[in-house]
Amino acid sequence: MSLTLTTPGLNDAARRDLRAAFMALERPSLAARLAAVAGVPVEALRARLPRSVQGGVDGAVRTALTTAMTAALRSGPATTPLPVPSAWFHRGLAAASGALGGAFGLPGTLVELPVSTTILLRQVAAIGAEEGEDLGTPEAAAECLKVFALGGTSPSDDAAESGYFAVRLALAEALKGAAGRTILPGFVAAVASRFVGPIGLKLSAQAAPVLGAAAGAAVNLAFLEHFRGVARGHFTLRRLERAHGAQHVRAAWDALAACRDAPFVERARR
């Protein structure tokens, strides 16, 4: 897809960064990746999850998010104990935890969920730090959690029901009233309500005994790569807003969206 951008207010480097962020935040990929790992369509993946488990997923996701956020930030996400880049360190952790959980099917995956969520948040926070976020502030913690609620606009992407800025504004509204270092339960619930779709697919994929440890590792890596891209796009936009102003960035974003939609609008008119 070729996108051109002529909106004033941003220099060439900022426009390139914005274009990359747009592609990361508006592309559907997670559901397709998980379906590919399992070798079955998304609809079949959903059917694998027992009804008795479906009702408890929401609570499990909220607990995992709350626990993981504290653990991820306290563990110094921008540093690693090994002489390898942060991205590769977190890939290794994600693969290992997924393999361990997948080896024991659904029970193992439920136990592994807080661990893999913490690993995801560590990588998200590390990317935030690279893009200039102060991880010591409550705002940074909230922005890290927001990443799990952001995604593309395709119906095939279970992490998204609307566009990036619509979701971002809704989450900002949910965060109103937070004080000090506390992230309101209502905000965590708002994030969890959108994150529960991808988590349901993860549980469904790893519930199949034939998948085992290898598929558990692959599922976690698919999660990591997806949310790494979303985090990079989200924190890039926040960096651009700090440097050039939110109004200019939003205008440039809308121009990109118009360029993307123009061929479809023209085709519909014929």
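Me: Why is Arg238 called buried in this predicted model?
Reply: Its relative accessibility is 10%. Buried means under 20%, so Arg238 qualifies. Arg238 sits in helix 10 (residues 212–244).

Me: What makes Arg238 and Glu139 a salt bridge?
Reply: Their closest N and O atoms are 3.2 Å apart. The cut-off is 4 Å, so the pair counts. The two residues link distant parts of the chain: Arg238 in helix 10 and Glu139 in helix 7, 99 residues apart.

Me: Is Glu139 buried or partly exposed, and how do you know?
Reply: Partly exposed. Its relative accessible area is 47%, and that class runs between 20% and 50%. Glu139 also belongs to a network, joined by salt bridges that share partners, with Glu133, Glu143, Lys146, Arg238 and Arg242.

Me: What makes Glu131 and Arg232 a salt bridge?
Reply: The closest N and O atoms are 2.9 Å apart, within 4 Å. Glu131 lies in the loop between helix 6 (105–130) and helix 7 (138–146), and Arg232 in helix 10, so the pair ties together parts 101 residues apart in sequence.

Me: How do you know that the span of helix 8 agrees with its 12 residues?
Reply: At 1.5 Å a residue, helix 8 (residues 164–175) should span 16 Å. Its end C-alpha atoms are 17 Å apart, which agrees.

Methods. Residues numbered from 1 in each chain as written. Predicted model: local features only at pLDDT ≥ 70, side-chain atom pairs only at ≥ 80, totals over all residues. Heavy atoms only, no water. Helix = DSSP H or I, 4+ residues; strand = E, 2+ residues; numbered from the N terminus. Expected span 1.5 Å × (residues − 1). Salt bridge = Lys/Arg side-chain N within 4 Å of Asp/Glu carboxyl O. Buried < 20%, exposed > 50% of the residue type's maximum accessible area, 1.4 Å probe, protein only.
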